[in-house]
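Visitor: I have a sequence and a set of coordinates to go through. Could you take me over the helix packing, the sheets and the ligand shell?

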Amino acid sequence: MRDAAQRGQVGTPGALAERDAQVFRAGLHLNRLNNEYEDFLFGRIDLLRGKDGKKGPDGAYTAVEPAEGAVRPDNTADIAETLHIGRIGVLDENYAPLVIDWRAPAAAPFYRSTPVDPGRVVRRRVIRSKGRRVLGVEDDLMRPELKASLDGRELPVIGDGALMAALGQARTHTMRDIVASIQAEQDQVIRAPAASVTYVEGGPGTGKTAVALHRAAYLLYQDRRRYAGGILIVSPTPLLVAYTEGVLPSLGEEGQVAIRALGSLVDGAEATVYDSPSVARVKGSYRMLKVLRKAARGALELNDSPARLRVVAFGRRLELQAGELERIRRTALGGTAPVNLLRPRARRLLLDALWERSGAANRHTDPELTAELRSSFDEDVTSEDEFIAFLDAWWPELTPAAVLDAMADERRLVRWSRRILDQGEARRVARSLRRDGWSVHDIALLDELQAILGTPPRPRKKREIDPLDQLTGLEELMPVREETQRERAERLAQERVEYAHVIVDEAQDLTPMQWRMVGRRGRHATWTIVGDPAQSSWSDPDEAAHARDEALGSRPRRRFELTVNYRNPAEIADLASKVLALAMPGSQAPRAVRSTGVQPRFTVTAGDLGATVRAEAARLLERVDGTVGVVVAMQRRAEARRWLEGLGDRVVALGSLEAKGLEYDATVVVSPAEIADESPAGLRVLYVALTRATQQLTVVSDGRDEPDAAGVPDLLRD
Ligand SMILES: Nc1ncnc2c1ncn2[C@@H]1O[C@H](COP(=O)(O)OP(=O)(O)OP(=O)(O)O)[C@@H](O)[C@H]1O
């Protein structure tokens with residue numbers, strides 16, 4: 001900034017512009033440094049001498065393996081290099097690295113090194129700080145057998161290990177980044193090359209969401225030009241969006257990545273309600289595609305569609321009757337083009353029929369004269385108010401919302417879905433569309449309808465041409481005159497419907513129709529897909545897998561598996577694995593890394609369910625510092641909120657489907673049987689509910705759970 005001020009003193013317009021640009025850039029950088037100030041530096045690695053002496057662009061040695069002789073026969077060694085890892089890279093005035101960006105290649109050993117495969121790393125240190133104060137230090141020794149010294153002094157070791165310290169912390173209502181303790185198998189995914197499809201599976205709590213978010217930050221670091229503004233993260237619920245939204249800014253990426261819930265992927269439409277499982281099952285399935293295509297065409301002829309067309313041309317009255325109009329509409333709809341784009345074709349067919357009727361075609365034998373006559377005939381007809389009004393009513397421009405509204409009529413929908421849905425299904429879907437507000441599943445239908453209907457081309461605004469430019473030829477040299485570069489960038493961002501990279505979180509939950517919606521946003525993208533089939537709430541996983549494969553096309557996939565559960569203590573993970581065995585026999589639960597010694601608690605209520613749940617929630621609030629989640633069947637959501645009134649904002653009530661991806665210090669799961677019975681995928685939904693707690697779990701059962709003498713419900717017994 002000081003430099004820039006001096007430059008400005010030259011006083012020429014060029015120097016002033018340069019000054020402004022430099023001040024702007026410096027301001028951005030300063031802003032970033034200020035933002036990153038909290039917890040700015042979080043890691044350090046002490047390394048042995050490497051195999052060769054080559055240095056990378058970040059100024060660190062690149063060798064992964066130690067040099068021969070770096071460890072002496074008596075197991076002593078000297079530390080040859082010390083690197084500090086932080087949220088962004090900082091160089092000193094000689095361009096030597098003071099802090100390495102966590103995404104840079106030189107930082108990889110910080111995450112990758114393990115005692116089994118330590119590479120050059122002797123000690124990995126995680127540093128917690130606030131402002132300028134160091135709050136704590138946790139060391140992990142990668143080569144515990146070594147006696148290593150740094151500058152002649154023995155390398156000290158402090159704390160019990162960073163991972164355990166991070167996992168034990170109380171939870172809040174927002175997710176934290178894990179940048180200081182990313183584990184080796186997670187790091188493999190975060191840094192996987194962006195080509196084609198990166199496919200990650202892992203059980204509950206294995207860090208899939210965390211990994212997906214850190215991967216977005218990594219991709220931006222790797223190739224900012226390609227990905228800036230062009231990464232979409234698709235999340236199942238608005239609750240999960242709110243929970244994860246803070247992670248990317250904490251990694252220094254603000255506004256570059258769009259995190260959107262499945263219910264708000266379509267601009268201007270926001271899902272506010274949930275469908276019942278039986279309706280959701282129909283709306284999400286492939287069968288809807290055919291229904292929507294029929295509805296889009298059928299919606300053209302709703303009640304007020306005119307039955308005849310009358311015009312006057314060449315001084316004669318011409319008329320087309322209902323039958324003729326019907327035939328023309330069918331011919332026009334014969335194409336596969338979007339319905340709204342077929343309107344010009346229908347208009348031409350109408351003119352052909354009127355021309356035929358007028359008899360003028362046979363008046364001349366000279367084709368040139370005939371053509372001339374025809375063109376003046378067309379002009380005559382199309383400028384007539386009658387004709388314009390007829391076309392608007394007979395082939396209206398349809399919007400997705402209008403078609404979906406039309407489908408709310410039971411009789412109509414039964415007709416449009418004949419041989420695709422059974423009558424009961426059609427009625428239920430129609431009824432659900434008569435409610436106020438869209439459901440999550442309606443959003444995918446709106447998007448599909450947009451594709452079926454198409455957006456009719458708008459007349460282009462004529463550019464105002466400056467006569468002086470035309471004279472000088474400047475106009476041709478400056479084709480984007482009327483739009484500054486910034487305006488153009490903003491416009492493109494607004495118009496963006498496709499992304500360079502699409503990350504799908506909780507991918508097991510997307511219905512076929514939702515895969516089609518998400519697929520349209522990444523037709524030319526590379527993808528990262530994270531999910532867990534055992535947590536799927538969709539009733540027909542094969543159909544969804546087929547839709548997913550269609551969205552991804554033939555792109556090759558790299559598969560990764562995450563195997564360690566960082567969320568649940570072993571006591572809770574063990575209980576959940578009993579439901580996993582029922583929901584997906586034979587599948588493997590991830591390994592829990594810690595144990596709290598606190599067993600899940602079982603309570604049975606014979607009378608007032610609400611009072612019991614409230615008492616259990618209050619009990620847990622006393623036992624944990626952070627949040628408590630009470631998970632109930634979807635139909636009990638409103639009731640459960642009332643049960644918890646007045647207990648404060650550390651406790652929340654959630655429907656089973658809303659619990660997706662979230663976590664709490666402690667949870668109360670209310671009536672496992674009720675959650676399991678609510679939908680065909682109920683057991684998998686129950687598995688999700690049971691795996692949300694980081695410390696304590698209470699299960700409240702009533703009669704339908706068939707609890708044993710110890711209060712353990714049937715579904716959770718061995
Ligand atoms: N390497 C790590 N260091 C510290 N915490 C971690 C690490 N990996 C995961 N966690 C924590 O474990 C918890 C679970 O992570 P996350 O929510 O990403 O898991 P998930 O696989 O998406 O789970 P689910 O499938 O249940 O939604 C989070 O609190 C996360 O911060």
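Visitor: Is the crossing of H23 and H24 left-handed or right-handed?

Guide: The model is a predicted one. In it, H23 and helix H24 (residues 541-552) pack with their axes 8 Å apart, at an angle of about 15°. An angle under 35 degrees counts as roughly parallel, and H23 and H24 are therefore roughly parallel to each other. The crossing of H23 and H24 is right-handed.

Visitor: Which residues of H24 meet H23, and what is the make-up of the contact by class?

Guide: On the H23 side stand Pro512, Trp515, Arg516, Val518 and Gly519. They meet Glu543, Ala544, Ala547, Arg548, Glu550 and Ala551 in H24. By class, the contact of H23 with H24 has six nonpolar, one polar and four charged residues.

Visitor: How do H19 and H23 pack, and which residues of H23 does H19 meet?

Guide: Helix H19 (residues 440-453) and helix H23 (residues 512-520) have axes 9 Å apart and pack at an angle of about 55°. That makes H19 oblique to H23, and the crossing of H19 and H23 is left-handed. From H19, the residues in contact are Ala444, Leu445, Asp447, Glu448 and Ala451. Their counterparts in H23 are Met513, Gln514, Arg516, Met517 and Arg520.

Visitor: Are H13 and H14 roughly parallel or roughly perpendicular to each other?

Guide: The axes of helix H13 (residues 343-358) and helix H14 (residues 367-382) come within 11 Å and cross at roughly 115°. The range 65 to 115 degrees counts as roughly perpendicular. H13 and H14 are therefore roughly perpendicular to each other.

Visitor: Which residues make that contact, and how do they divide by class?

Guide: H13 gives Leu351, Leu354, Trp355 and Ser358, while H14 gives Arg374, Phe377, Asp378 and Val381. The residues of the contact of H13 with H14 divide into five nonpolar, one polar and two charged.

Visitor: In the six-stranded open sheet, which strands stand at the edges?

Guide: The six strands are ordered E12-E11-E17-E18-E10-E19, with parallel pairing. A strand with a single partner has one side left without a neighbour in the sheet, so the edges are strand E12 (257-261) and strand E19 (557-562).

Visitor: What is the bridge partner of Val197 in E19?

Guide: Strand E10 (residues 197-202) and E19 run parallel and are joined by six bridges. In E19, Val197 has as its bridge partner Arg557.

Visitor: Which helix lies across E10, E11, E12, E17, E18 and E19?

Guide: The helix in question runs at about 165° to E18. An angle over 145 degrees counts as roughly antiparallel. The helix lying across these strands is H6 (residues 208-222).

Visitor: Which elements give two or more residues to the shell around the ligand?

Guide: There are 23 residues around the ligand, and Ser181, Pro204, Gly207, Lys208 and Thr209 come nearest. Divided by class, the shell has eight nonpolar, 11 polar and four charged residues. The elements that give two or more residues to the shell are helix H4 (162-168) and H6.

Visitor: In the three-stranded sheet, which residue of E9 stands opposite Leu150?

Guide: This open sheet has the order E2-E8-E9 and mixed pairing. Strand E8 (residues 147-150) and E9 run antiparallel, joined by two bridges.

Terms used
Residues are numbered from 1 along each chain as its sequence is written. This is a predicted model: local features need pLDDT of at least 70, side-chain atom pairs count only at pLDDT 80 or more; totals for chains, interfaces and linings use all residues. Two strands pair if DSSP finds at least two bridges between them. Helices (H or I, at least four residues) and strands (E, at least two) are DSSP runs, numbered from the N terminus. Two residues are in contact if their C-beta atoms, placed from the backbone, lie within 7 Å. Axes are lines fitted to C-alpha atoms, for helices over the stretch in contact, and angles run from 0 to 180 degrees between N-to-C directions. A residue is near a molecule or strand if its C-beta atom, placed from the backbone, lies within 6 Å of it. Ala, Val, Leu, Ile, Met, Phe, Trp, Tyr, Cys and Pro count as nonpolar, Asp, Glu, Lys and Arg as charged, and the others, Gly among them, as polar. A crossing is left-handed if the near helix is turned anticlockwise from the far one by less than a right angle, and right-handed if clockwise.
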